[in-house]
Amino acid sequence: MYLKREFIVRHPIIVFTAGIAVGICLIKIFSTPAAIDSFDSYVTQQSSFGADISNHYKIINESVLDRHVASHDHLYENTSLADQLKREVRLLCWVMTNPNNHKKKARHVKRTWGKRCNILLFMSSAADDELPTVKLDVEEGRPNLWRKVKEAFKYVYKHHYNDADWFYKADDDTYAVVENLRYMLYPYSPETPVHFGCKFKPFVKQGYMSGGAGYVLSKEALRRFVVEGIPDPKMCLPGTVINEDIEIGKCMENLNVTAGDSRDVNGRGRMFPFVPEQILIPYKDPNFWYWKYLYYKTDDGLDCCSDNAISFHYVPPNFMYVLDYLIYHLHPFGVIRAQRLPAKLKVGEFLPAPREEVANSNEDSMDDDDRINKTTINETQTEPDAREVE
């Protein structure tokens, strides 16, 4: 160290000259066309991931439109329980979409979670053999959602009533873990008049189910809706409105179809109207409509959500593939959870409400503050539209 300082002090001109020479060499190197292109590419990449994150997602979503989805099999995976559920809990899934979204969104539902349903249908105003679609004689657009839902369930009842036990409606930006949906439904008889979803509390006394999170009707609930409800204007609203989820909630209540509790035994939610990030790291403005609409009190962070979560909303196509990988392919080695199916219930029977007790960790789903701080709702408040995401 002493020799280096001594050399610099005694020969400053030599050091200065050497520095200039090195600088000129670096300029020569990095001023080549290849280097400039490489640097520009780096800057573009950084801006797309950082300052312009929305543009980054736009680029990814566009690139995913025509992607080829390769198979990713697990030779030694035991799916016997999931296979049993698929046989015993026959699930028809129908997805609300429109011609503009066939390639942008709907095809990615088919390539990810939709393929796990026993029957998968896409309700639209135009035919598309790739999906496949059911062409409904209903104009597109938010004002026609309620009519579209009624026509879709009428088609399902007419053509598939005996092909399934449960009938799940979702949007083309909903992602569902189908095995977990079957697991939740397994104890219940399809002859019990009940429907499940993310339950909101205004406008309907027993609550209604968020359209974006998806809702599922039992076989008896479907029959009552189509045979007794839709033809009777006293039971179900004729015509059409924007808030289809509110209207079907009112209709179900008029038909004595119970609004079921989709939470798990610990009181954690399983069906959500937002992407996982917005549920796990929530926007905690007390005036935000979501906290006032929730039928059941919920906690923050990891305690918000069941280990057997079912559905999320506003999921872009690229994130559907991410969720598919994280849920169905990524496993911590050596961690195996014991699984068993619950006992079956009789027709008309329901599971008891979740336990309201503090857990032995900081992830309890119902703490003392939850019981003290009860939220109220202004019945005149308008919910954000139930809609296909634009």
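This is a predicted model: local features need pLDDT of at least 70, side-chain atom pairs count only at pLDDT 80 or more; totals for chains, interfaces and linings use all residues.
A polar contact here is a pair of N or O atoms within 3.5 Å, where one must be able to donate a hydrogen and the other to accept it.

First, Ser210. Its place is the loop between β8, residues 208–209, and β9, residues 215–218. The side chain of Ser210 reaches the backbone nitrogen of Ala213 at 3.4 Å, and that falls within the 3.5 Å limit. The backbone nitrogen of Gly212 also lies 3.4 Å from a polar atom of the Ser210 side chain. Is Ser210 buried or exposed? At 4% relative accessibility, it counts as buried. Leaving out residues up to four places away in sequence, Ser210 touches Cys198, Phe200, Tyr215, Asp245 and Pro273.

Now the chain as a whole. The protein chain has 14 helices and 11 strands. Of its 390 residues, 43% are buried. Taking contacts with a separation of 6 or more, 78% are between residues 24 or more positions apart.

Next, the disulfides. How many does the structure hold? There are three. With the bonded cysteines numbered in sequence order, the pairing reads 1-2, 3-4, 5-6.

I take them in that order. Cys93 is joined to Cys117, with an S to S distance of 2.0 Å. The torsion about that S-S bond is about -90°, so the disulfide is left-handed. Cys93 sits in strand β1, residues 91–96, and Cys117 in the loop between α6, residues 102–111, and β2, residues 119–124, so the bond ties together parts that are 24 residues apart in sequence. On burial, Cys93 has a relative accessible area of 0%, and Cys117 comes in at 5%, which counts as buried.

The next pair is Cys236 and Cys251, whose sulfur atoms are 1.5 Å apart. Cys236 lies in the loop between α9, residues 219–229, and α10, residues 244–254, while Cys251 is in helix α10 itself; the two are 15 residues apart. Both ends have their own burial values: Cys236 is buried at 2% relative accessible area, and Cys251 is buried at 0%.

The remaining pair is Cys304 and Cys305, with sulfur atoms 2.2 Å apart. Here the torsion about the S-S bond is about -80°, so this disulfide is left-handed. Cys304 and Cys305 are both buried.

As a reminder, two packed helices are described by the angle between their axes and the distance between the axes.

How do α9 and α10 cross, and at roughly what angle? Their axes come within 10 Å and cross at roughly 90°. That makes α9 roughly perpendicular to α10.

Staying with α9, eight of its 11 residues are buried, so the helix is largely enclosed by the rest of the structure. Which residues of α9 are the buried ones? They are Lys219, Glu220, Ala221, Leu222, Arg224, Phe225, Val226 and Gly229. Note that Lys219, Glu220 and Arg224 are on that list. The buried residues of α9 pack against α7 (145–160), β4 (166–171), β6 (194–196), β9 and α10. β9, you will recall, is the strand at one end of the Ser210 loop.

The other helix pair I picked is α6 with α13, residues 317–328. These pack at an angle of about 10°, their axes 9 Å apart. α6 and α13 are therefore roughly parallel to each other. From α6, the contact residues are Lys104, Lys105, His108, Val109 and Arg111; from α13, they are Pro317, Met320 and Tyr321. This contact divides into four nonpolar, one polar and three charged residues.

Definitions and conventions
Residues are numbered from 1 along each chain as its sequence is written. Side-chain values use heavy atoms; hydrogens and water are left out. A disulfide is a pair of cysteine sulfur atoms within 2.5 Å. Helices (H or I, at least four residues) and strands (E, at least two) are DSSP runs, numbered from the N terminus. Buried means under 20% relative accessible area, exposed over 50%, partly exposed in between (1.4 Å probe, protein chains only). Axes are lines fitted to C-alpha atoms, for helices over the stretch in contact, and angles run from 0 to 180 degrees between N-to-C directions. Angles under 35 degrees count as roughly parallel, over 145 as roughly antiparallel, 65 to 115 as roughly perpendicular and the rest as oblique. Contact means heavy atoms within 4.5 Å. Ala, Val, Leu, Ile, Met, Phe, Trp, Tyr, Cys and Pro count as nonpolar, Asp, Glu, Lys and Arg as charged, and the others, Gly among them, as polar.
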